[in-house]
Amino acid sequence: LLVRLFPEYLKGRDIDPPAEEEPATMDAFAWACDLHDRATGLLASRQRGQQVEVFDYLVDHVQRDSQAVSIPDFTWTGCIEYTAPAQLMLIAQAAFSMQRRDVAEAALRKGAAEGDPSAMNALAILLGPRSEEAETWYRRAAECGYHAAVTNLGALLHSQGRSDEAGIWYQQAVAQGDLAA
């Protein structure tokens, strides 16, 4: 992902990025992971270079800076494309907190399509009770045994005046231990 994204960040800065296979690319990542002025590097390499994390203090700095540049669309798209299904909820949560509902929806749609019931439930919540599609995603998540979706489906059906059907789902939720249902 980083190899794909970093050339985009160099565009418009009169810097020609090295090709992926050039040693300069690996040298750049090594530099970013090295200690500077006896402090931590910008990135931390994990799992023998297969995973790279940004140090917390950089994220904290950007989050506190009201003048910080927002995350570009190509970065969101790349993250969604390259992220494992289990991590898509984190992208959706981050996007939603940054008022990027479109990105949150894209991440949740990918997770839901890949069979993650928590993403199905979250997508239904994001789509809202007036969306016909929300019922479909609640049903799919509930059929996967995702407890919150069972209750949410009952609530959605109840709000639509479909009380008999809602009752069936509420009973199932109670049987699963959801006393609020």
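1. Basis of the values. The model is predicted, with local features needing pLDDT of at least 70 and side-chain atom pairs counting only at pLDDT 80 or more, while totals for chains, interfaces and linings use all residues. Residues are numbered from 1 along each chain as its sequence is written, and side-chain values use heavy atoms, with hydrogens and water left out.

2. Helix 7 against helix 8. Helices (H or I, at least four residues) and strands (E, at least two) are DSSP runs numbered from the N terminus. The axes of helix 7 and helix 8 come within 8 Å and cross at roughly 160 degrees; axes here are lines fitted to C-alpha atoms, for helices over the stretch in contact, with angles running from 0 to 180 degrees between N-to-C directions. Helix 7 is therefore roughly antiparallel to helix 8 (under 35 degrees counts as roughly parallel, over 145 as roughly antiparallel, 65 to 115 as roughly perpendicular and the rest as oblique). The crossing of helix 7 with helix 8 is left-handed, that is, the near helix is turned anticlockwise from the far one by less than a right angle, clockwise being right-handed. On the side of helix 7, the contact (heavy atoms within 4.5 Å) involves Pro117, Met120, Asn121, Leu123, Ala124, Ile125 and Leu127. Helix 8 contributes Glu133, Ala134, Trp137, Tyr138, Arg140 and Ala141. By class, the contact of helix 7 with helix 8 holds 10 nonpolar, one polar and two charged residues (Ala, Val, Leu, Ile, Met, Phe, Trp, Tyr, Cys and Pro count as nonpolar, Asp, Glu, Lys and Arg as charged, and the others, Gly among them, as polar).

3. Helix 6 against helix 8. Helix 6 (residues 101-113) and helix 8 (residues 132-143) have axes that come within 12 Å and cross at roughly 45 degrees. This angle makes helix 6 oblique to helix 8, and their crossing is left-handed. Arg109, Ala112 and Ala113 of helix 6 meet Glu133, Trp137 and Arg140 of helix 8. The contact of helix 6 with helix 8 comprises three nonpolar, no polar and three charged residues.

4. Helix 9 against helix 10. The axes of helix 9 (residues 147-159) and helix 10 (residues 163-175) come within 8 Å, crossing at roughly 160 degrees. Helix 9 is thus roughly antiparallel to helix 10, and the crossing of the pair is left-handed. Residues of helix 9 in the contact are Val150, Thr151, Leu153, Gly154, Ala155, Leu157 and His158; those of helix 10 are Ser163, Glu165, Ala166, Trp169, Tyr170, Gln172 and Ala173. The contact of helix 9 with helix 10 divides into eight nonpolar, five polar and one charged residue.

5. Other residues of helix 8. Glu135 is in helix 8 and is buried, with a relative accessible area of 15% (buried is under 20%, exposed over 50% and partly exposed in between, for a 1.4 Å probe and protein chains only). Leaving aside neighbours within four places in sequence, Glu135 contacts Leu153, Leu156, Leu157, Gln160 and Arg162. Thr136, also found in helix 8, is partly exposed at 44% relative accessibility.

6. The buried face of helix 5. In helix 5 (residues 88-97), the buried residues are Leu88, Met89, Ile91, Ala92 and Ala95. Viewed down the axis of helix 5, these residues fall within an arc of 160 degrees, so they line one face of the helix; the arc is that of the directions from the helix axis to the C-beta atoms. They pack against helix 4 (73-82), helix 6 and helix 7 (117-127). Ala94 is placed in helix 5 and is partly exposed at 30% relative accessibility.

7. Most residues other than glycine have a negative phi. Gln99 has a positive phi of about 60 degrees although it is not a glycine. Gln99 is in the loop between helix 5 and helix 6 and counts as exposed at 70% relative accessibility.

8. Strand 1. Leu43 lies in strand 1 (residues 43-46) and is buried at 14% relative accessibility. Leu43 and Phe55 are 12 residues apart along the chain, and their C-alpha atoms are separated by 5.8 Å. Not counting residues up to four places away in sequence, Leu43 touches Leu2, Phe29, Ala32, Cys33, Val52, Glu53, Val54 and Phe55.
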